[in-house]
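Here's a quick tour for anyone opening this one for the first time. Take a look at the sequence and the model, then read on.

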Amino acid sequence: SNYSIVLHQKIFQMIYYANGGFNWHDLYFMPIKLREFYWRELLKVKDSESEAMNKATSKTSSNNSSKIRRK
């Protein structure tokens with residue numbers, strides 16, 4: 001069923017992106033409300049990391065382009 005696929009995708013992503021913070025057994029048998037809570041929290045953290053990376057990259061790009069223009 002579709003729920004089973006979504007469940008296993010979330011479990012995989014939570015194990016993979018949480019850098020060992022979870023294991024399959026604990027996530028599979030975790031109450032749904034708790035698993036969804038941790039899923040949302042993981043998404044928030046990854047979004048924040050992505051925004052920080054984008055800001056750092058854009059600062060580096062703008063600093064490099066301004067240095068090139070000065071030459």
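**A short briefing**

At 55% relative accessibility, F29 counts as exposed (exposed is over 50% relative accessible area, buried is under 20%, and partly exposed lies in between, with a 1.4 Å probe and protein chains only). Keep in mind that this is a predicted model, where local features need pLDDT of at least 70, side-chain atom pairs count only at pLDDT 80 or more, and totals for chains, interfaces and linings use all residues. Residues are numbered from 1 along each chain as its sequence is written, and side-chain values use heavy atoms, with hydrogens and water left out.

**The overall layout**

- The protein has 3 helices and 0 strands (both are DSSP runs numbered from the N terminus: helices are H or I with at least four residues, strands are E with at least two).
- Going along the sequence, you get the pattern α-α-α.
- Of the protein's 71 residues, 13% count as buried.
- Look at the contacts between residues at least 6 apart in sequence, and 42% of them join residues at least 24 apart (a contact means heavy atoms within 4.5 Å).

**The nonpolar core**

- The largest nonpolar core has 7 residues in all: L7, I11, M14, L27, M30, W39 and L42 (such a core is a set of buried Ala, Val, Leu, Ile, Met, Phe, Trp, Tyr and Cys residues joined through side-chain atoms within 4.5 Å).
- Helix 1 and helix 3 (32-70) each supply at least two residues of this core, and helix 1 gives the most, with 3 residues.
- In general, nonpolar side chains tend to be buried together in soluble globular proteins.
- I11 sits in helix 1 and counts as buried, at 1% relative accessibility.
- Not counting residues up to four places away in sequence, I11 touches W24, L27 and Y28.
- From C-alpha to C-alpha, I11 and Y28 are 7.2 Å apart in space, though 17 residues apart in sequence.
- Y28 also turns up beside L7, which is in contact with Y28 and R35 once neighbours within four places in sequence are left aside.

**Aromatic rings**

- The model has 6 aromatic pairs (rings of Phe, Tyr and Trp, using the six-membered ring of Trp, pair if their centres lie within 6.5 Å; planes under 30 degrees apart are stacked, over 60 edge-to-face, and the rest tilted).
- Y28 is partly exposed, at 34% relative accessible area.
- F12, Y16 and Y17 form one aromatic cluster.

**On the surface**

- F12, Y16 and Y17 also make a nonpolar surface patch of about 360 Å² (patch residues have over 30% relative accessible area and no salt bridge; like charges are joined within 9 Å, and nonpolar side chains, meaning Val, Leu, Ile, Met, Phe, Trp and Tyr, within 5 Å; a salt bridge is a side-chain nitrogen of Lys or Arg within 4 Å of a carboxyl oxygen of Asp or Glu).
- Y16 is in helix 1 and counts as exposed, at 52% relative accessibility.

**A loop residue**

- N19 lies in the loop between helix 1 (2-17) and helix 2 (24-29).
- The phi of N19 is near 55°, a positive value in a residue other than glycine.
- N19 counts as exposed, at 68% relative accessibility.

Key: Areas by Shrake-Rupley, 256 points an atom, 1.4 Å probe, with all protein chains shown as cover.
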